[in-house]
Amino acid sequence: MAKRSFSALEAFLIFLLVMMAAITVALLSLLFITSGTIENNKDSGNLDFSTSQSPPATQGPAATQSAPVTCTPELQNFSGYHIGVGRADCTGQVSDINLMGYAKSGQNARGILTRLYSRAFIVAEPNGSNRVVFVSIDIGMVSQRLRLEVLDRLQSKYGSLYRRDNVILSGTHTHSGPAGYFQYTVFVIASEGFSNRTFEYMVNGIMKSIEIAHTNMRPGKIFINKGIVDGAQINRSPYSYLQNPQSERARYSSNTDKEMVVLKMVDLNGDDLGLISWFAIHPVSMNNSNHLVNGDNMGYASYLFEQEKNRGDLPGQGPFVAAFASSNLGDVSSNIVGPHCINTGESCDNANSSCPIGGPNMCIATGPGQDMFDSTQIIGQIIYQRAKVKTCKPALGYSFAAGTIDGVGGLNFTQGMKEGDPFWDTIRDQLLGKPSEEIKECQKPKPILLHTGELSKPHPWHPDIIDVQIITIGSLAITAIPGEFTTMSGRRLREAVQAEFASYGMKNMTIVISGLCNVYTHYITTYEEYQAQRYEAASTIYGPHTLSAYIQLFRGLAKAIATDTVANLSQGPEPPFFTQLISPLIPNIADRAPLGRNFGDVLQPAKPEYRVGEVVEVVFVGANPKNSAENQTHSTFLTVEKYEDASATWHIVYNDASWETRFYWHKGLLGQSNATIEWHIPDTAQPGIYRIRYFGHNRKQELLKPAVILSFEGTSSAFEVVTT
């Protein structure tokens, strides 16, 4: 490519472009898969993780060996535990904040489809001394800051009972949850600042779920089962998968992991307490045009299971807790129709995921439904139904900015780029400095777009301390992965850990990969996949030998568990907790109602009558929903209520956690806004008289006085639902 020279005006325009586009888009055009830290071993050239090794709880549940698990349909029984489950809301902001996942500029939250939850599970020996905690959270990924704060609060409340070595926090990887809870610069930029209100909301939700589980502990039994899930996933980088040795690929019938592992918990009376399911799938049924906070397909599977078990309770209520946790989902998509050019309809399933007309921006994979809501339900239903059956310094490559077929990036990047672009290299060098020869050599064949491991202002751009952790319960070993393993990477890790356990006498262990745990380190591909430099490889920030380093460390942890030498493991250094993070770029302003109106007034009323299958839509004078993340007077933005003649009272039948409702916030000028509430009347709705209520908070700001947040309510007129 010929070199270009730039005039002063062009240079200035380039600078503006960088500040607006490169930092927000190119910097993280799919950054939801971000962060992590492994230090380069300068002596050997091999990767060596600077880890805080979390010794699995081998003294308690980890040390308990019982009947080996097989692949038969029968459930295997591990008895003699105390079990606690808990669930709590962790939704955070639903407006004026980026959604964490696609890193698409302008994809801010503007309402809510379903609430996000933290689901906690505690398993302990009968005397309660040794225990493990697993928490699955409806968020993009667990940030290191989130984990550190939770561990600090657990220590303050429970002393040494819940610690770094026996607590796993795992994100479901929904791409429709709020951002803003990170401390490393790459993520802070992608989030457009650090949102303390969302961070606190999430921490409080995680803590509350653990506290509920702790309080509700009782004697019980644990069962494990495995099964195959068909029709829910495809490999979104098949050309990378084909780089793996043919002899290795021949051992598997599919280029994705179709096996689901389910851990079911019951009390001594046989009553169900909860379950954890691990399955490899990206929750991207809701695409990057979505602006409603929700848990995507995995959240919908949890919703269905909990609604079935907690009959009569509203979503988010009831004792049974069902978590659908992430696994080795790195190259696995839920958009099973596959990639097609949205302008021509032809397939773009090629090495560069690019269309003849329009390039990669036109190549999008779609789900099986008529729209993203329908696709979310279809994929979530499949997952739910199956669960019911009895090392270099970090750097991001050019294909990182290209995105994936699930959500393309901006600008002129394509997947499979193995050479840099002088234009973008010049911008990077002028703004951030040149990457060192060491990192360029170590990362080959990746062309360096951002040498994040060598950037430290205003804070390090990626963490340089991560947790590597295994916990075991009976013959189940849960490996806590701080990132997104591809299909083959996950298979290699499972086999290596299982072989290590077996070599020291722990035969027939079931190894589960639990993804996006404790801290985020982007993707982990195999060495062979790395050579193709598609998105997942470009986002393997520690170089081509990252997987080998992980395997070495997890084998070491497995050996320590099997030989009862966990106490000899080094705890490693404590990760930093930064202060003075970048504030949110969207300012707080006072809410204002239109002249002659009050907050909660109805602007568009409901019709007098609706039929099953129709949509009720009511528009209210609104206020910014982010205020409700600070003042949590109300637990929902909306309710759908039915009038009961017998008691002459209104009974809540749906809230904002219900799939049948949608809450949209429309931002206007000078602090004015509207809130639209929809109720999609299901076939199961009973005929009768209904109404819709809206709950919000407005920010009031008087001159020279601190802002105050006030609650308000609004109620629609009554309307009738008929079945014919």
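In helix α2, the residues R145, L146, E149, V150, R153, L154, K157 and Y158 meet F199, E200, M202, V203, N204, I206, M207, I210, E211 and H214 of helix α4, where contact means heavy atoms within 4.5 Å. Sorted by class, this contact of α2 with α4 has 10 nonpolar, two polar and six charged residues. Here Ala, Val, Leu, Ile, Met, Phe, Trp, Tyr, Cys and Pro count as nonpolar, Asp, Glu, Lys and Arg as charged, and the others, Gly among them, as polar.

Please keep in mind that this is a predicted model, in which local features need pLDDT of at least 70 and side-chain atom pairs count only at pLDDT 80 or more, while totals for chains, interfaces and linings use all residues. Residues are numbered from 1 along each chain as its sequence is written, and side-chain values use heavy atoms, with hydrogens and water left out.

## How the helices cross

Two packed helices are described by the angle between their axes and the distance between the axes. For α2 (residues 144-158) and α4 (residues 196-215), the axes come within 10 Å and cross at roughly 45°. The two helices are therefore oblique to each other (angles under 35 degrees count as roughly parallel, over 145 as roughly antiparallel, 65 to 115 as roughly perpendicular and the rest as oblique).

## A closer look at α2

Buried residues in α2 are Q144, R145, L146, R147, L148, E149, V150, L151, L154 and Y158 (buried means under 20% relative accessible area, exposed over 50%, partly exposed in between, with a 1.4 Å probe and protein chains only). Just after α2, G159 takes a positive phi of about 70°.

## Two residues in loops

A280 lies in the loop between β14 (272-278) and α7 (296-309). Is A280 buried or exposed? At 3% relative accessibility, A280 counts as buried. Leaving aside neighbours within four places in sequence, A280 is in contact with Q233, D257, S327, N328, L329 and V332. A280 and V332 are 52 residues apart along the chain, and 6.8 Å separates their C-alpha atoms.

M362 sits in the loop between β17 (338-341) and β18 (363-366). With a relative accessible area of 23%, M362 is partly exposed. Not counting residues up to four places away in sequence, M362 touches H340, C341, I342, N343, C355 and I357.

Terms used:
Axes fitted to C-alpha atoms, helices over the stretch in contact; angles between N-to-C directions. Helix = DSSP H or I, 4+ residues; strand = E, 2+ residues; numbered from the N terminus.
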